[in-house]
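Me: Could you walk me through one part of this model in some detail? I'd like it as one connected story, with the cut-offs spelled out as you go.

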Amino acid sequence: SRSSPVDRSYISYVVDLGLGTPPQWHTFVVDTGSASLAVAGPRCQDTARRAPCASGSLAPFAPHKSASSQPHGFQDSVTYDKGFWLGDVYSDEVLVPAVNRTVPNSPQSLSLLQVKASFAVISSSKHFFEIPVGNTGIWGLAFQHRTRATRPLFEELLQQGVVQEDSFSLALCGPQGHLWLGAVPHSAYFHRTPLVYTPILPTRGVPSVFLHYSVTFLGVSVGRLLPSQQQQQQ
């Protein structure tokens, strides 16, 4: 498994990805509720602010500056609870920073995972780019069914053999967290107790379709034991 550094920025957790050849580095919000990979393009305008989506130190992704960029000739779009974007779909090289846990906290600990993937280069948006977050894109980690235009980046990592196991884990702790791609190691490096897995439920009425990461909570406790835990101790 590989771990990517995840930083907290204002109200979101973000990760840096390199797009194109040579790589253009951009900051992406990590989102488990959508599946598309999308980045602000040179023509991107926020219709609400009537301003470029990326300006100043937040440069847009420029497909014409990448030797490996290929347009697909169609568009992708996503509407969120707050915000919307529309963009042209390209395929290009994507670099994902990964931490080598055999030599943590050293200059040799960071490597790059490379994969060919499709993503949207945003040309229009509304209430999507929040300036305090400092991101120029979004990385959706949801299922394939959540996007019609492109295969999710994690699915590409899996299909191309960069990641060996169909699982990932987000550890959002303090100002910096980790995004584990592949099996999460059972070690005290991050976890003091063994990991407990919960099966993901399919869409109600459609057993073969998974749209959201859905689980059933039997109870929530803050500062006290649940009834089931009290029974176990008796």
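Which residues touch serine 124, and which aromatic ring does phenylalanine 128 pair with? Please take strand 8 and the loop between strand 8 and strand 9 as the part to look at.

Reply: Happy to. Bear in mind that this is a predicted model, where local features need pLDDT of at least 70, side-chain atom pairs count only at pLDDT 80 or more, and totals for chains, interfaces and linings use all residues. Numbering starts from 1 along each chain as its sequence is written, and side-chain values use heavy atoms, with hydrogens and water left out.

Let's begin in the strand. Serine 123 sits in strand 8 (helices, H or I with at least four residues, and strands, E with at least two, are DSSP runs numbered from the N terminus). With a relative accessibility of 14%, serine 123 counts as buried (buried is under 20% relative accessible area, exposed over 50%, partly exposed in between, using a 1.4 Å probe and protein chains only). If you skip its neighbours within four places in sequence, serine 123 has Arg43, Cys44, Gln45, Leu86 and Gly87 in contact with it (contact being heavy atoms within 4.5 Å).

Serine 124 is in strand 8 too, but here the side is partly exposed, at 23% relative accessible area. Again leaving out neighbours within four places, serine 124 is in contact with Cys44, Gln45, Thr47, Phe84, Trp85 and Leu86. Aspartate 88 lies 36 residues from serine 124 in sequence, and their C-alpha atoms are 10.0 Å apart in space.

Searching the whole structure turns up one disulfide. The S-S torsion of cysteine 44 and cysteine 53 is about -65 degrees, so the bond is left-handed. Cysteine 44 is buried at 3% relative accessible area, and cysteine 53 is buried at 4%.

Now for the packing. The largest nonpolar core has 25 residues, and Val94, Trp139, Leu153 and Leu181 have the most contacts inside it (a nonpolar core is a set of buried Ala, Val, Leu, Ile, Met, Phe, Trp, Tyr and Cys residues joined through side-chain atoms within 4.5 Å). Among the elements that give two or more residues to this core are strand 4 (37–46), strand 7, strand 8 and helix 1. Your strand is the top contributor: strand 8 gives the most to this core, with five residues. There is also a second, separate core of 15 residues, which includes Cys44, Cys53, Ala54 and Phe128.

Histidine 127 lies between strand 8 and strand 9, and its phi is positive, about 55 degrees, even though it isn't a glycine. Most residues other than glycine have a negative phi. At 40% relative accessibility, histidine 127 is partly exposed. Arginine 50 also has a positive phi, near 55 degrees. Arginine 50 belongs to the loop between strand 4 and strand 5 (51–52) and is exposed, at 76%.

Next along is phenylalanine 128, which is buried, with a relative accessible area of 11%. The structure holds four aromatic pairs (rings of Phe, Tyr and Trp, the last by its six-membered ring, pair if their centres lie within 6.5 Å; planes under 30 degrees apart are stacked, over 60 edge-to-face, the rest tilted). One of these joins phenylalanine 128 to tyrosine 80, stacked, 5.5 Å centre to centre with 20 degrees between the planes. Tyrosine 80 is in the loop between strand 6 (70–79) and strand 7 (84–99), and phenylalanine 128 is in the one between strand 8 (110–126) and strand 9 (137–140), so the pair ties together parts 48 residues apart in sequence. Ring pairs also bring in Phe129, linking Tyr80, Phe128 and Phe129 into a cluster.

Notes: A disulfide is a pair of cysteine sulfur atoms within 2.5 Å.
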